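Hi,

Here is the structure I promised to pass on. Could you look it over when you have a moment, with my notes beside it?

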Amino acid sequence: MPENDSKIFTLMVEPYGDCNLRCCHCYYDLQNGSVMGIEDFTLVVEKVAHYIEKKGFRKIHFIWHGGEPLLAGINFFRQAIGIINNTISQVQQRHFIQTNGLLLDDEFCRFFRDMNVEVGISLDGPPDLHDRLRVDSNGNGTHAAVMVKIRLLEKHHVPLGFNAVISRAGIGHEQRLYRFFQEMGYGFRVNPIIPGRNQDILDEYLFQKGEYGEFLCRLFDMWTHTETRRINVSPLDIYLRSVLDDETSECQHQHSCVGTHIGIRPSGEAVLCSRFQNYGFGNILKKSMADIVSSLSSRQIKSRANALNDCRSCENWSICHGGCPCNSVACGHSLMEKDPFCKDYQIIFAHIRSVLMDFKQKTI
């Protein structure tokens with residue numbers, strides 16, 4: 001997964017505004033299915049290049065997102081990365097793509113391998129967990145088809161990782177989830193389900209307060225008690241380091257991402273990231289990056305953490321900062337309210353501190 005650092009600028013690009021699946025937990029506002037124009041993309045890269053040079057960023061992370069980014073087609077990616085290489089040559093680059101994987105073929109795999117694109121596959125664990133919500137347009141589960149594409153990526157030696165969205169259906173299955181990815185030999189990241197477009201379907205899957213935190217505690221214990229073939233689990237790895245260092249590198253717990261992160265939709269509309277379906281910053285095809293970063297929505301998000309007075313007295317302030325504004329909005333709250341998963345963060349951070357204290361006492 002991408003790292004977070006003040007010297008890194010993250011550009012999240014949505015090259016296509018639609019998806020070939022109809023996952024029940026999708027929050028994405030599906031658009032008209034058109035691909036981003038290559039001339040528009042060129043202008044985006046030129047404006048971002050000027051901005052990062054002026055601000056002194058040393059690295060840039062490209063995250064290809066959506067929707068389903070592979071719908072843009074292999075030719076779009078060939079042209080796009082060529083444009084990037086010709087425009088941004090003095091700054092270190094890393095490329096990540098988040099995909100359901102079903103459109104991968106040999107040509108895509110060879111291209112991603114040769115271009116050092118790190119592929120993140122959306123896979124929610126074992127078949128019964130994954131197929132509950134990740135379905136095609138006919139309502140059929142996609143786990144078996146995704147596994148075929150994973151083997152194709154492995155055949156071509158493409159850098160690979162996994163992103164698992166978890167819901168209440170996963171409670172009690174922490175061991176199975178961990179063992180599933182352990183048997184595959186890969187680390188993975190978990191993200192909690194958030195309200196999406198199909199709210200009538202999702203209600204039974206949404207976590208109650210504290211349930212996600214308890215889930216993370218059980219997963220943390222599975223991870224830390226693994227003696228052989230331990231795999232990486234995010235954000236638990238970041239949370240552990242955060243508690244130890246009293247600072248965070250986790251995206252959703254930054255004081256503010258404004259100025260270091262930007263998401264661009266196929267139309268050129270700028271947002272903080274793909275998870276934000278509201279609070280647009282303006283269209284980058286018509287505005288400069290300076291105007292985008294100084295827009296009203298940008299200023300509101302940037303001021304959010306400082307306005308969370310209750311959070312500032314919390315022992316987790318330095319590693320949480322009130323959580324992610326996107327979660328607040330997605331759950332129907334004001335942008336200026338703290339993350340609805342606050343209780344869950346308190347639970348997992350307290351658990352990590354307790355485990356570290358126990359370990360320290362045993363080693364004295």
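A term you will need for the pairs below: a salt bridge is a side-chain nitrogen of Lys or Arg within 4 Å of a carboxyl oxygen of Asp or Glu. With that in hand, R189 forms a salt bridge with E250, and the closest N and O atoms are 2.5 Å apart.

Before going further, please keep in mind that this is a predicted model, in which local features need pLDDT of at least 70 and side-chain atom pairs count only at pLDDT 80 or more, while totals for chains, interfaces and linings use all residues. Residues are numbered from 1 along each chain as its sequence is written, and side-chain values use heavy atoms, with hydrogens and water left out.

R189 lies in strand β6 (residues 188–192) and E250 in the loop between α9 (236–245) and β8, so the pair ties together parts that are 61 residues apart in sequence. Helices (H or I, at least four residues) and strands (E, at least two) are DSSP runs, numbered from the N terminus. For burial I used relative accessible area: buried means under 20%, exposed over 50%, and partly exposed in between (1.4 Å probe, protein chains only). R189 counts as buried because its relative accessibility is 8%, and E250 is buried with a relative accessible area of 3%. The side chain of R189 also makes a polar contact with the side chain of N191, at 3.1 Å. A polar contact here is a pair of N or O atoms within 3.5 Å; within protein, one must be able to donate a hydrogen and the other to accept it, and residues adjacent in sequence count only if both atoms are side-chain atoms.

How many salt bridges does the structure hold? There are 13 salt bridges. Another of them joins E183 to R229, with the closest N and O atoms 3.2 Å apart. This pair links distant parts of the chain, 46 residues apart: E183 is in helix α6 (residues 174–184), and R229 is in the loop between α8 (211–224) and β7. Both E183 and R229 are exposed. R22 forms a salt bridge with D18, where the closest N and O atoms are 3.4 Å apart. R22 counts as partly exposed at 33% relative accessibility, whereas D18 counts as buried at 18%.

**The sheet**

The strands form an open sheet of 10, with mixed pairing and the order β7-β6-β5-β4-β3-β2-β1-β8-β9-β10. β7 (233–234) and β10 (282–283) stand at the edges with a single partner strand each, so one side of each is left without a neighbour in the sheet. Two strands pair if DSSP finds at least two bridges between them.

Strands β2 (residues 59–64) and β3 (residues 92–99) run parallel and are joined by six bridges; H61 has R94 as its bridge partner in β3. Helix α1 (residues 38–55) packs on the sheet, touching β1 (8–13), β2 and β8 (261–264), and its direction makes about 165 degrees with that of β1. Helix α5 (residues 143–155) packs on the sheet as well, touching β4 (117–122) and β5 (160–166), at about 160 degrees to the direction of β5. Contact means heavy atoms within 4.5 Å; axes are lines fitted to C-alpha atoms, for helices over the stretch in contact, and angles run from 0 to 180 degrees between N-to-C directions.

β8 has a parallel partner in β1, joined by four bridges, and pairs with strand β9 (residues 269–271) in the antiparallel sense over two bridges. G263 is the bridge partner of M12 in β8, and V271 is the bridge partner of G263 in β9. From β8, H261 and G263 point one way and I262 and I264 the other, and all are buried. The hairpin of β8 and β9 has four residues between the strands, and G268 takes a positive phi near 95 degrees there.

**Two loop residues**

E68 lies in the loop between β2 and α2 (74–87). E68 is buried yet has no salt bridge, the nearest side chain of opposite charge being R134 at 8.2 Å. For charge, Lys and Arg count as positive and Asp and Glu as negative; His and the chain ends are not counted. The side chain of E68 reaches the backbone nitrogen of L70 at 3.0 Å.

L123 is found in the loop between β4 and α4 (127–133), and counts as buried at 0% relative accessibility. Leaving aside neighbours within four places in sequence, L123 has contacts including H130, R134, F162 and F181.

Best wishes
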